[in-house]
Amino acid sequence: MLLNFLDALRAAGIPASVKEHLVLLDALEKEVIERSPESFYYLARATYVKDEGLIDRFDQVFAKVFKGCLLYTSDAADERSSVDLGGRRIIKKKKDSEPA
């Protein structure tokens, strides 16, 4: 999937290099971010986008390639009993004050 992402970025006119792709993979392997779609989005954007004029284009490519991965803010996630992270459902522990 990540190679498809690299190809899609290039097709959209974003000059994404193989070196940048390897930097992204290395960062993921070293777990420099938390495992969430939102953190991955910001890491990928920081890695590939060198011109802020390309951020909108990056957003469109990211949304197309990773459709189905929902990005929750912490506030939105706090309102739900579970959070869907791209097909993986994370069940949050109930707080002591919440009834079972």
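Trainee: Why is Glu 20 called buried in this predicted model?

Mentor: Glu 20 has a relative accessible area of 14%. Buried means under 20%, so Glu 20 is counted as buried.

Trainee: What makes the contact of Lys 50 with Glu 20 a salt bridge?

Mentor: The two side chains meet at 3.9 Å, N to O. A salt bridge requires a side-chain nitrogen of Lys or Arg within 4 Å of a carboxyl oxygen of Asp or Glu, and the pair therefore qualifies.

Trainee: Where in the chain do these two residues lie?

Mentor: Lys 50 belongs to the loop between α3 and α4, whereas Glu 20 is in helix α2. They are 30 residues apart, and the pair thus links distant parts of the chain.

Trainee: Is Lys 50 buried or exposed, and how do you know?

Mentor: Lys 50 has a relative accessible area of 59%. Exposed means over 50%, so Lys 50 is exposed.

Trainee: How many salt bridges does the structure hold?

Mentor: There are three. One of them joins the side chains of Lys 30 and Asp 26, at 3.3 Å from N to O. Another is formed by Glu 31 with Arg 35, where the closest N and O atoms are 2.8 Å apart.

Trainee: What makes Arg 35 exposed?

Mentor: Its relative accessible area is 67%, and the limit is over 50%; Arg 35 is therefore exposed.

Trainee: Which residues have the most contacts inside the largest nonpolar core?

Mentor: They are Phe 5, Leu 9, Ala 44, Tyr 48, Phe 58 and Phe 62, in a core of 19 residues. Helices α1, α2, α3 and α4 each supply at least two residues, and α3 gives the most, with five.

Trainee: Which residues does Ala 44 touch, leaving aside its neighbours within four places in sequence?

Mentor: Ala 44 is in contact with Phe 5, Leu 24 and Phe 58.

Trainee: How do helices α1 and α2 cross?

Mentor: Their axes come within 11 Å and cross at roughly 145°, and the crossing is right-handed. The contact involves Leu 2, Leu 3, Leu 6 and Arg 10 of α1, together with Val 18, His 21, Leu 25 and Leu 28 of α2. These residues divide into six nonpolar, one polar and one charged.

Conventions: Residues numbered from 1 in each chain as written. Predicted model: local features only at pLDDT ≥ 70, side-chain atom pairs only at ≥ 80, totals over all residues. Heavy atoms only, no water. Axes fitted to C-alpha atoms, helices over the stretch in contact; angles between N-to-C directions. Helix = DSSP H or I, 4+ residues; strand = E, 2+ residues; numbered from the N terminus. Left-handed = near helix turned anticlockwise from the far one by under 90°. Contact = heavy atoms within 4.5 Å. Nonpolar A, V, L, I, M, F, W, Y, C, P; charged D, E, K, R; others polar. Core = buried A, V, L, I, M, F, W, Y, C linked by side-chain atoms within 4.5 Å. Buried < 20%, exposed > 50% of the residue type's maximum accessible area, 1.4 Å probe, protein only.
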